[in-house]
Amino acid sequence: MPLSVYNWVIVQFWESIVRKILFASSEVHPLIKTGGLADVSASLPLALSQMQQDIRIIMPAYRATLQQLGECPLIATVKLEGYHQPVHILQAQLPDSDVAVLLVDSPEHFDRDGGPYCDTQGGDWADNAARFALFCRAVVAVATNQAGLDWQPDVVHCNDWQTGLIPALLSLERPRPATVFTIHNMAYQGLFSREVFEMLDLPEALWQIEGIEFYGMMSFMKGGLVYADHITSVSPTYAQEICHYEYGYGLEGLLALRSEQSRLSGIVNGIDTQEWNPQTDKFIGHHYSIKNLRPKSLNKKALQQHFFLPESAETLMFGMISRLVSQKGVDLTIDAIHRLLAEGKDIQLVCLGSGEAGFEQDLRVLRARFPDRVGIQFGYDEALAHKIEAGVDAFLMPSRFEPCGLNQMYSLRYGTLPVVRNTGGLADTVVDASEENRKQMLATGFKFTKPTVEDLYDTLLTVNELFSHPRLWRRMMLTAMVQDFSWINSAQAYLHLYQQLVDNS
Ligand code: ADP
Ligand code: GLC
């Protein structure tokens, strides 16, 4: 996307102040992914690198990642506290970019089948605490130049609980880089017992209420929240929500305090606008744009064929691509869609997801009851995710909470109107189709407030009604498609933050 003159001037400014940034994450697309964290851990570093920042990603060398990358040169060997084997640091590049990726190679911890956090049966790895403590220690060694890379970051940017011990361990080092800890999801905190803490041989100084101790347990997440120089979350609304009981998982008091101290802020995620672009998307059969929307209906037809559903342009087609967990309101979707179908509404639902067995079973039951209305594919399928975004008319994201959410932004870019609960990043990125918003050409989707089947069902009736007015629907599609979700503004916000932290250190 061409830069406006204003943005161009700002980018030039940031380019003149080059920072060294070490970006630590447990998943990075396309090297390993379970959710949006992976997307952000690739697209944000890429955006920062395009602003000429000296950024290096650091992540575990999982078996699947090494298989994808092939042979990677060894650039350092480090001996870490509490571990007998030396750990290797390998060097690679983020595919299709020149962003450097450092891989923490410890075969005992990462060379195995299964996912980054779970085994092939879906259960958490029993040694997750040891795996990510080792990762954190390796990051600290790189960040303090103990790995001998001759490259010392000004800022270490950590993401989610798997990296929480980095700010904690770095707080004991002098000199040390500034630390930023980004919360992508408060629901996963990395809680382990005191015995595990002892087994990991972590400094006793960290075991305190104003440390990583949390009701007698060790909390990796708290390591980030207490010790990072600054905390961000992935949308302004979520950054406020987590300061309250309902969203804070017992850490709301600490978060409220850090917010009062101006140490917590919300920066909304951007998306990779190259990868998610209906004009060039390599996974979809028919490219389209605001100037030529027509091919979108061909993608819809192809999707109906894929799921063996009747081909009908007039049928309102809903899509869902999601981890099948309670956060995403999957149960609300199933029940509300069931109600609409039982009433004979002319709708279809296609769903791509994986997760809890109970939700998979409920979806199977829905499909069995309405086989010509419901299509489901379980598992992870990048190409199909793009085809669904391009093919369906409306996207369902009735999340109970949503720190940011990326799929609603992908949907908007594809002229696929999102139906969202008014929470977190969904609240910040979607404009409701109220009459007033529609009149002012601001509306981009549909919002509801209470996480109940009733509220979602009522909203879906509104969606159905609006879909029967093609002119109004098309107008909303066009408004949605011209929204700017590129990283430019948010990457600048991160740079500004890094700058402040370095100046104050
Ligand atoms: P979260 O990280 O909470 O799962 P996000 O909306 O931030 O939610 O990001 C989810 C990301 O994972 C999106 O890129 C989405 O397309 C992708 N995704 C989720 N489930 C699947 C799946 N089954 N197949 C392919 N992509 C998926
Ligand atoms: C988490 C959140 C999601 C967010 C993503 C990337 O997985 O659940 O809302 O978009 O992280 O920040």
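How far from an oxygen atom of ligand 1 does a polar side-chain atom of Arg323 lie? In this predicted model, the distance is 2.7 Å, which falls under the definition of a polar contact (a pair of N or O atoms within 3.5 Å; within protein, one must be able to donate a hydrogen and the other to accept it, and residues adjacent in sequence count only if both atoms are side-chain atoms).

Because the model is predicted, local features need pLDDT of at least 70 and side-chain atom pairs count only at pLDDT 80 or more, while totals for chains, interfaces and linings use all residues. Residues are numbered from 1 along each chain as its sequence is written, chains are lettered from A and ligands numbered from 1 in the order in which they are written, and side-chain values use heavy atoms, with hydrogens and water left out.

| Residue and atom | Ligand atom | Distance |
|---|---|---|
| Gly36, polar backbone atom | ligand 1, oxygen | 2.6 Å |
| Asn407, polar side-chain atom | ligand 1, oxygen | 3.4 Å |
| Asn185, polar side-chain atom | ligand 2, oxygen | 3.3 Å |
| Pro403, backbone N or O atom | ligand 2, oxygen | 3.5 Å |
| Cys404, backbone N or O atom | ligand 2, oxygen | 3.0 Å |

Ligand 2, taken alone, exposes 310 Å², of which the protein buries 93%; such accessible areas come from the Shrake-Rupley method with a 1.4 Å probe. Around ligand 2 there are 14 residues, and the closest are His184, Asn269, Glu402, Cys404 and Gly405, where a residue is near a molecule if one of its heavy atoms lies within 4 Å of it. The largest share of this shell, three residues, comes from α2.

Ligand 1 has 21 residues around it, and Gly36, Arg323, Lys328, Gly379 and Leu406 come nearest. Its shell divides into seven nonpolar, eight polar and six charged residues, with Ala, Val, Leu, Ile, Met, Phe, Trp, Tyr, Cys and Pro counted as nonpolar, Asp, Glu, Lys and Arg as charged, and the others, Gly among them, as polar. The largest share of the shell around ligand 1, three residues, comes from β13; helices (H or I, at least four residues) and strands (E, at least two) are DSSP runs, numbered from the N terminus.

The contact (heavy atoms within 4.5 Å) is made by Leu44, Ala47 and Leu48 of α2 and by Ala491, Tyr494, Leu495 and Tyr498 of α21. By class, this contact has seven nonpolar, no polar and no charged residues.
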